[in-house]
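Okay, everyone, thanks for coming.

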Amino acid sequence: MSHIPYETLRPLLKDQRILLIGGAGFIGHNLALELANMGSKVMIADNLMINSLIENTFEAEKDKVQRMAYQGFLLERFHLLRKSGVALKNCDARHLADLGRIFEEFEPTKVVHLSAIASAVDAKAEPGLCFDLQLITLRNTLELIRPRTDKINQVMFMSSSTVYGDFEGDSVDETTFPRPEGIYANAKFMGERLIRTYRTQYGLGTTVIRPSALYGERCISRRVSQMFIENALTGKPLLLEGGGDGKLDFTYIKDLVQGQVRALALHKSPEDSNTFNLTFGNARTIADLAGVVKSVVPDAILEERPRAVDKPIRGTLSTDRAKTILGFEPEWTLETGYKDYCQWYVDAWEKAKRKNNEDY
Ligand SMILES: NC(=O)c1ccc[n+]([C@@H]2O[C@H](COP(=O)([O-])OP(=O)(O)OC[C@H]3O[C@@H](n4cnc5c(N)ncnc54)[C@H](O)[C@@H]3O)[C@@H](O)[C@H]2O)c1
């Protein structure tokens, strides 16, 4: 394990111009804010088509408080980005010309690719769109970087822990052979292969990141970590399949962003190209997650359900490689990070309720 003090990364990022494709989303806006804080010039290219203000304002099935809350989260993202000097451009990365204009205007030195349908369930419902948003946008990104490798020294690709498929033991590391299942995981794996091919054949500097089960402020992706606290606040049960013994490597967004910042700062040449698991590094059960919600909202209702037959089998992603090479130091357990997040959610929900009463 190496100790690389975080502050020593600041000079390495100061002169970087970092373009985040699909960067207005949950991970992207948090990464943009931290990169700006570290002194980089940051631009986001996003067409706001997933988890967006439009979707949340016009989706019929959302209840009023939920709509108000999610709109608040999204507007806060914009507010924070603007305050930090991050530029946000409306751009559909499926269109080469659209994205090309951004490359010409901004002249990035590093590019982070994040655009996707960031949910395996939603991707399964729309496989063609999943393919386009992950892979057509990646094709355009790689083709725009290829003639600019003298100026752009790194492309970071946001892959996923789902590339590992069902875990055979308790934990996997980056040498575990991927066995992705389903359209989302396979598109991620194809993305990884494409990135590696551009590295070996065209000399691009590349970094592949495999995160897992993220949670954190201003997320509206409705993963289990968000749905549990929201259900607790609205009197709906927290469903524990098989008693909640399924495990996930839950990771606070702050830990992921710390790792991404390290991977961007410490990558100097194509020889630094690598694949990193960036997670907390200790899988916990769904029952543990529910326990934290219950400690914040004591009235939360926990309900056991039979285990679904096709439930993916997950576990811990070893972060030893990131710890050794990047000095990655994940800090936030469920009892600290997730608890903070739940408390933040309680306040945000109350605020949305008050605003809803004023507006209607
Ligand atoms: N959140 C997680 O737990 C998690 C875990 C593993 C991997 N990832 C991956 O990380 C990346 C970011 O995830 P997220 O949670 O921030 O998702 P998100 O849905 O919050 O953000 C994705 C962003 O991509 C944008 N986008 C989609 N298509 C686009 C296009 N054609 N042009 C421009 N922008 C486009 C969307 O508008 C959205 O803002 C995704 O690739 C996702 O698959 C996320």
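So, Ile18 stands opposite Val42 in strand E2. That pair belongs to the contact between strand E1, residues 17-21, and strand E2, residues 41-46, where five bridges join the two and the strands run parallel. Keep in mind that what you're looking at is a predicted model.

Now zoom out a bit. How many strands form this open sheet, and in what order? There are seven, going E3-E2-E1-E4-E5-E7-E12, and the pairing is parallel. At the edges you find strand E3, 87-90, and E12, each of which pairs on one side only. Neighbouring strands here are turned by 20° against each other on average, if you ignore direction. And as a quick reminder, strands of a sheet pair through backbone hydrogen bonds, either parallel or antiparallel.

Let's move over to E7, residues 206-210.

What does E7 pair with? One partner is strand E5, residues 154-158, in the parallel sense over four bridges. Within that pairing, Phe157 has Val208 of E7 as its bridge partner. Then there's strand E12, residues 274-277, which four bridges join to E7, again running parallel. Two of the partners to click on there: Thr207 goes with Asn274 of E12, and Ile209 goes with Phe276 of E12.

Okay, on to the ligand. Which residues are closest to it? Of the 29 residues that surround the ligand, the closest are Ile27, Asp46, Asn51, Tyr184 and Lys188. By type, the shell divides into 16 nonpolar, eight polar and five charged residues. Helix H2 (26-37), helix H7 (127-145) and helix H8 (182-202) each supply at least two residues of that shell.

A backbone N or O atom of Ile27 lies 2.8 Å from an oxygen atom of the ligand. For Gly25, a backbone N or O atom is 3.3 Å from a ligand oxygen, and a polar backbone atom of Ile50 is also 3.3 Å from an oxygen atom of the ligand. How much of the ligand does the protein cover? It covers 98% of the 830 Å² of accessible area that the ligand has on its own.

Last stop, Phe78. You'll find this phenylalanine in helix H4, residues 64-83. Buried, exposed or partly exposed? At 26% relative accessibility, Phe78 counts as partly exposed, because buried would need under 20% and exposed over 50%. And if you want a sense of distance, Phe78 and Thr234 are 156 residues apart in sequence and 27 Å apart in space, C-alpha to C-alpha.

Definitions and conventions. Residues numbered from 1 in each chain as written. Predicted model: local features only at pLDDT ≥ 70, side-chain atom pairs only at ≥ 80, totals over all residues. Heavy atoms only, no water. Pairing = 2+ DSSP bridges. Axes fitted to C-alpha atoms, helices over the stretch in contact; angles between N-to-C directions. Near = heavy atom within 4 Å. Polar contact = N/O pair within 3.5 Å; in protein donor to acceptor, adjacent residues only side chain to side chain. Areas by Shrake-Rupley, 256 points an atom, 1.4 Å probe, with all protein chains shown as cover. Nonpolar A, V, L, I, M, F, W, Y, C, P; charged D, E, K, R; others polar. Buried < 20%, exposed > 50% of the residue type's maximum accessible area, 1.4 Å probe, protein only.
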